[in-house]
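Keep the sequence and the 3D view side by side as you read. The paragraphs below walk through the fold one region at a time.

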Amino acid sequence: MADYRFAKEKLADVLSGLTDYKVFAPTVTGDVVRFLEVADPAQVSLDYTNSNVPPKELMFPETETLFRYRLGQNEFDATVPSPEEKRLIFGIRPCDAQAYSIVERLYRWDFNDPYFVNRREGATLVGLACADPCANCFCPSVGGGPASEKYLDAIMFDLGDTVYLKTITDRGDAVAKALSSVLEPAGDSEKKAAEKQADDALSKIQRSIDTAGIPEKLPSLYDHPFWEQFSDRCLGCGICTFLCPTCHCFDIQDECEAFDGRRARMWDTCMFAEYSVHASGHNPRPTRKERTRNRIDHKYSYFPTKFDVIACVGCGRCINYCPVNIDILDILEKSKEAQVKEEKTA
Ligand code: SF4
Ligand code: SF4
């Protein structure tokens, strides 16, 4: 573990110095910030709150070919990424790095999904601490924090003209070594400024939820009418799941033209009616009430029951981008009120 700094105006030199890696960084295209492979360092920005699209797409692309085949032949060409490919995710927020660790539990569960797992194994995460968390962030309530180092190999703090970089793991040290011509040792002033920024950022977080008891009690509210108070206005657009860094459901489809085809998987969402339709035509989640309930129950009850961790990192994206202002914290608070009422009347 070591401390470094670089002048922010040298950001392009830092990115250009990472020649051993395929580098992905927050890139501005129009009004949208998302993590793209760095083609032009001038498009990379550290001045953003949370990327609009989470970097889950770097491990779990929106659409990806699993393999290609030719009808009538027994062989097929798998397109599995190599774990040897060194990828560097530069500027990832601590919450999005935590999300990788959550999704990984599923993709390493009963079968090691080589598409996700190989990408994750080859990845080094150089994080960027949040100085100004968004109005709907609640990461400390779900085990994170604006400067949490837990799931990172190195962390940067944007201190204005200077960036302070602290390595955390051997992979982080390897990045610092690769950048030895650009980095300088950090002084006490940068370390203190970073600590102050972390404390200030924590104090700026306005929203929170006490999650104690939620995973155990949510199933007892399965038929409670409070779900309809939220689902009645849901449009079923799926934004809350597509932009969630921990949502990981997919569909698999074959696309075939003449004799050549590919099997691909693509993001799917439990907020779509078709998602749960059985082959018989029966749909166990026929209305938005059941689908809203499933989204919350999955994140805050089913996933923690199975994998011992809540499948939410408190990034606030689902609240920020829902077109009808459905707010996961309001739903959870309402569920807690409903639990209290049920217990009193029992
Ligand atoms: S459920 Fe909402 S707040 Fe939680 S991780 Fe997903 S998008 Fe972020
Ligand atoms: S973003 Fe809002 S409206 Fe769209 S599916 Fe999610 S809860 Fe419903």
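**A walk through the predicted model**

Setting aside residues up to four places away in sequence, phenylalanine 272 touches Gly236 and Gly238. Contact here means that the C-beta atoms of two residues, placed from the backbone, lie within 7 Å. Phenylalanine 272 sits in the loop between strand 12 and helix 9. Helices (H or I, at least four residues) and strands (E, at least two) are DSSP runs, numbered from the N terminus. Across 35 residues of sequence, phenylalanine 272 and cysteine 237 come to 7.4 Å, C-alpha to C-alpha. Phenylalanine 272 has 17 other C-beta atoms within 10 Å, so it is partly exposed. The scale runs as follows: a residue is buried if 20 or more other C-beta atoms lie within 10 Å of its own, exposed if 12 or fewer, and partly exposed in between, with C-beta atoms placed from the backbone.

The model is predicted: local features need pLDDT of at least 70, side-chain atom pairs count only at pLDDT 80 or more, and totals for chains, interfaces and linings use all residues. Residues are numbered from 1 along each chain as its sequence is written, while chains are lettered from A and ligands numbered from 1 in the order in which they are written.

Now step back to the whole protein. It holds 11 helices and 12 strands. Its C-alpha atoms fill a box of roughly 65 × 60 × 35 Å along the principal axes. Of the 346 residues, 36% count as buried. Take the contacts between residues at least 6 apart in sequence: 73% join residues at least 24 apart.

The chain divides into domain 1 (3–60 + 73–204) and domain 2 (214–345). These bounds come from an automatic or database domain assignment. The centres of the two domains, taken over C-alpha atoms, are separated by 27 Å. Where they meet, domain 1 supplies 21 residues and domain 2 supplies 17 residues. The domain 1 side of this contact has 13 nonpolar, five polar and three charged residues. In these classes, Ala, Val, Leu, Ile, Met, Phe, Trp, Tyr, Cys and Pro count as nonpolar, Asp, Glu, Lys and Arg as charged, and the others, Gly among them, as polar.

What lies inside? In soluble globular proteins, nonpolar side chains tend to be buried together. Here the largest nonpolar core has 77 residues, and Leu15, Val23, Phe24, Ile89, Ala129 and Met156 touch the most other members. Helix 2 (residues 94–107) gives the most to this core, with five residues. The core draws at least three residues from each of domain 1 and domain 2. Such a core is a set of buried Ala, Val, Leu, Ile, Met, Phe, Trp, Tyr and Cys residues joined through C-beta atoms within 7 Å. Look at phenylalanine 24. Beyond four places in sequence, its contacts are Phe35, Leu36, Glu37, Val38, Leu58, Arg87, Ile89 and Phe90.

Leucine 179 belongs to the loop between helix 4 (170–178) and strand 10 (184–185). With its neighbours within four places left aside, leucine 179 is in contact with Val14 and Gly17. Leucine 179 and valine 14 are 165 residues apart along the chain, yet their C-alpha atoms are separated by 6.6 Å.

Turn next to the ligands. Which residues surround ligand 2? They are Cys234, Leu235, Gly236, Cys237, Gly238, Ile239, Cys240, Met271, Cys322, Pro323, Val324 and Ile326. A residue is near a molecule if its C-beta atom, placed from the backbone, lies within 6 Å of it. This shell divides into 10 nonpolar, two polar and no charged residues. Around ligand 1, the shell includes Cys244, Cys312, Cys315 and Cys318. That shell has seven nonpolar, three polar and two charged residues.

Finish with two backbone details. Alanine 258 has phi near 55 degrees, a positive value in a residue other than glycine. It lies in the loop between strand 11 (250–257) and strand 12 (260–267). Aspartate 308 has phi near 70 degrees, again positive in a residue other than glycine. Its place is the loop between helix 9 (288–307) and helix 10 (317–321). Aspartate 308 counts as exposed because it has 9 C-beta neighbours inside 10 Å.
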